[in-house]
Amino acid sequence: MDPCTRRAFMRGGALSVLGVGLGGVPRFLVRTATAQGTPSRSKVLIAVFQRGAVDGLSMVVPHGDPDYYSARGAIAIARPAGGQPDTTVDLDGFFGLHPAMSPLKPLWGARRLAVVHACGSPDITRSHFDAQDYMESGTPGVKSTADGWLARGLHATPRASASPFRAVAMGPQLPRVLRGEAGAVAMGSLADFDVKGEQGAPATGAVDARRGFESMYEQGVRDLLYGTGRETFEAVKMLKAAAPQRLAPANGAQYPRGRFGESLKQIAQLIRADVGVEVAFTDVGGWDTHAGQGNERGQLANRLSDFAQGLAALERDLGDRMDDVVVLTMSEFGRTVRENGNRGTDHGHATAMLVLGGPVRGGVVYGRWPGLRRDQLFEGRDLAVTTDFRALFAEVAQRHLGVAPTAPLFPGFAVKTSGFPGVLV
Amino acid sequence: MRPLEPRRACAVLAPGLLALALLSGCSSGVPAGPATRSAATPPVPRVVEPPPRYRVTLAASTLREDQRILHVLNRLGYGPRSGDVERVRQMGLERWIERQLDPERLPDAALEAALTDYPVLAMSPAGLYRDYPPPRQQDVQRFQSGQMTPQEIREVFPPDRRPAVINAQLQSAKIMRAVLSERQLQEVMVDFWFNHFNVYALKGPVRWMTPAYEREAIRPHAMGRFRDLVLATAHHPAMLYYLDNWLSTRDDLVVPGRGRRGLNENYARELMELHTLGVDGGYSQQDVVEVARCFTGWTIERPQQGGGYLFRPGTHDRGAKHVLGRAIPAGGGQEDGLAVIDLLTRHSSTARFIATKLVRRFVRDDPPKALVDRVARVFQKTDGDIRAMLVAIVTSPEFVSADTYQAKTKTPLEVVVSAVRALDGGLDPPPAPGAPARVVGGGLSLARQVARLGEPLYEAQPPTGYPDVAPAWVNAGALLGRMNYALALAQSRLPGVRTDVGRFVQDVDRGQPAAVLDRIVSVVLHGEVSASTRRVLASQLDSPEIVRATSDDRGPRNTDVEKLAALVLGSPEFQRR
């Protein structure tokens, strides 16, 4: 990553990370002073990044496009056959879900799931690293951007009583999309999020060590390390009081085993525990299927199955809360239309993104379909982008999170509401 | 137990013998172990030291001598062990650096003895397949369908013959090397280049290839020539598999009965983007295709059985290619790929990209441009001599400037290892086969801590490897993880890792909390502590848990040195280097 990015971040981010935005008064004190009773149920965005470039043409299959089956042989997903297993799950007569994604079909039927197809970046890079960076910074082609678009959106939408858990990422590292002045918490798991003394029951000694660490990070100079330390202890105290781990999955939701399912489960626990989450982020890898991608079954099918089961369980677990929740999936680019020599696909251009939740105008595949004929392809090989990812993300940020249209969400990209895909009510 | 005891013997040597003792690794070939702890130091034969191969003169600096020593031990290694600062002062800091630049001549007997506990390090992929075979498909199915009892599973897959052992040993050995090796800079460079030419050990058969990859492709060249690293990694089955080049063939290849094969761009792209030119190095998508064509036919002979590199002329694209504006004539074979490597490793973008990464590692997250320029020129002048670039960095004014001092945030590996070194922690060898699962060697135990902080060793999935800038590692969850690690380590709660903080304050009156604190700050931070942290630590001394009452609550107050040490290890200061 560009070194200037980091420096600018650290300088620019210091104020907010320190929480001294308002005349030098720490942010959490302001919060405490202005918080009114119980936190209100705010809107929640859950962003899921499919890292490694998911094959959008296998995830949401354009089975009605004759060029799909001529471009792909061994890895094509079979045409819908009236719900037969191992065939495409038809959505609208033209598109269908990969059969491993069938757990999401009921949500389509209930009009709570929408797809934006041929969505992607205006930048032509086929580097995972760059493309992920652009999708998270929100500035395709510009590497010097210091912060992420979600962080900018939150920063531009201050809340008097914002929680330290306003933005949460599940995982040991804070993703680029949440780095910036808004402040965000990254955690490997809820259980690990405390200072721990002797094994087993929290000993009295642990309380003391926490106090010691807390004071050390409270006293220091204003920089990334100290600022993060302060945010940390504020969050630890709040989490202790809310105890989200006690909330077992509701409504019979069954999360798939593994990191992705576990992350979604813990995001749901945080939301249900009312700790003030507005943005939750998690990612899931394994999409870079250069070889042996598989078709209705196989490598990619296994990943999609985990993915769909996780999202379906989340939706079920959150129950009525889904009325205020939008789940947005994204991936840095799609994959080549033509199958490569190894029954896989190489780095391509546009892909499909899913939008799911109560506020979603579901049951529709959004975006103009550019076609798969060779002369319709981007650079003669890839699905062309007809929806700029920023138009979709801007719609979600503005309509769902209430980010002002004037906020610097995507610098250099002017989008009017008429340019939104229209996925949200 | 594999303690650092032999090193303590160093501390009692007469100052004049110190340099010699360091050179001999302090253990003179005696394997480390409890028996050596009380053994008298063997007589050291008089050896005339050969002159150093590399001369280092540090630039003028406003840092004090102690700070310079600390800085160098933190940047060129994994931080000081107790007594190291004094030892380096005796020897002379520049001499120490010169020795680090010439690791082959630095004896490392204690480490070598410790590494015999990890047989996978020396094994070939074929040998690893034989000794740690993948489970048979039918057994996996029986296991997954619940048809096997735990006992049967243990019989069919004995835990010490499972493929997971390979990674456990690799991770353990990496920790042992970082903690124990006298060749600290070499270990830092092996880590740097493995990360630069990252492979993901958990992708298919890469696990069985990774020990050989580090041993053959990375380690021998870690301080050698950059071009040799590219050549060795390009030919290695681990890289050929990880970035799919083993599958890449001329685009028109049809294998009778098995269908079309074709070009796979993955390696070609990452070779330019991540290994050589850098993403802004001036190549196009067409260059990616052309480079991929040059590398067609570079494959692996039976990858699932531990085979090596193989060039298959029949799958090579023999047409003419154009790479970065240069023509590669038709009719070539594997020399096409070699020509690309020549072209890329002599390219000015590569010099700049590698210089930037090195300066970022050793100097600052935002590499000073003037220094990058100078190091890039050294790359070009010396045909990519890594040692020459290191000398240019270490002797630069930027390296010893005040705003470089403690400007880097330690990575998880660095924080875990430097803390063990600071406390002279002892690491148990791996348990014997058949030991209960909860018994864990010290190396693996620490590797698990590194993973919890976000850096599972040999398990970085993307080809970028792990980032080398602070914002990637500093966040709420990871900071808590660091504090919890500090507590567990100082309180000797990590399985297989032994620490004894009390030893450092033996001669201090534990009823004098302020004196105890001074000693611990001196051991862990060498006195380099901010006024505010010192104030907080001092105020902790009034806390009833830090100052433990004795059992009858009447005797002299007894400072909880472990908790105090944990606070210091978890302090903001110790997170920096």
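The model described here is a predicted one. Since 6 of the 6 residues of β9 (residues 325-330) of chain A are buried, the strand is largely enclosed by the rest of the structure.

The pairing of β9(A) with other strands can be followed next. With strand β1 (residues 44-50) of chain A, β9(A) pairs in the parallel sense, over 6 bridges. Within this pairing, A:F49 has A:M330 of β9(A) as its bridge partner. With strand β10 (residues 351-357) of chain A, β9(A) runs antiparallel, and the two are joined by 3 bridges. Here A:L328 stands opposite A:V355 of β10(A).

Elsewhere in chain A, 3 strands make up an open sheet with antiparallel pairing, in the order β2-β4-β3. Its edge strands are β2 (60-61) and β3 (89-90) of chain A, each of which pairs on one side only. Strand β4 (residues 96-97) of chain A runs antiparallel to β3(A), to which 2 bridges join it. In that pair, A:V89 faces its opposite number A:L97 in β4(A).

Taken as a whole, chain A has 12 helices and 12 strands. Of its 425 residues, 58% count as buried. Among the contacts in chain A with a separation of 6 or more, 74% are between residues 24 or more positions apart.

Chain B, in turn, contains 27 helices and 10 strands. Buried residues account for 52% of its 577 residues. For contacts in chain B with a separation of 6 or more, the share from residues 24 or more positions apart is 72%.

Helix α22 (residues 412-422) of chain B has 11 of its 11 residues buried. The buried residues of α22(B) include the charged pair B:E414 and B:R421, along with B:P412, B:L413 and B:S418. Covering them are elements of chain B that include α11, α23 (442-452), α24 (476-490), β8 (497-498), α25 (513-525) and α27 (561-569). After α22(B) comes B:D424, which has a positive phi, near 50°.

Helix α11 (residues 164-180) of chain B, one of the elements that cover α22(B), is itself mostly covered, with 16 of its 17 residues buried. From its first C-alpha to its last, α11(B) reaches 24 Å, close to the 24 Å expected at 1.5 Å a residue.

Finally, the two chains meet. In the predicted model, 52 residues of chain A are in contact with 58 residues of chain B. On the side of chain A that touches chain B, at least two residues each come from α1 (3-18), α6 (128-137), β7 (185-187), α8 (204-219) and α9 (224-242). The element that gives the most to this side is α8(A), with 10 residues. By residue class, the side of chain A that touches chain B divides into 21 nonpolar, 20 polar and 11 charged residues.

Note on methods
Residues numbered from 1 in each chain as written. Chains lettered and ligands numbered in written order. Predicted model: local features only at pLDDT ≥ 70, side-chain atom pairs only at ≥ 80, totals over all residues. Helix = DSSP H or I, 4+ residues; strand = E, 2+ residues; numbered from the N terminus. Expected span 1.5 Å × (residues − 1). Buried ≥ 20, exposed ≤ 12 C-beta atoms within 10 Å, placed from the backbone. Contact = placed C-beta atoms within 7 Å. Pairing = 2+ DSSP bridges.
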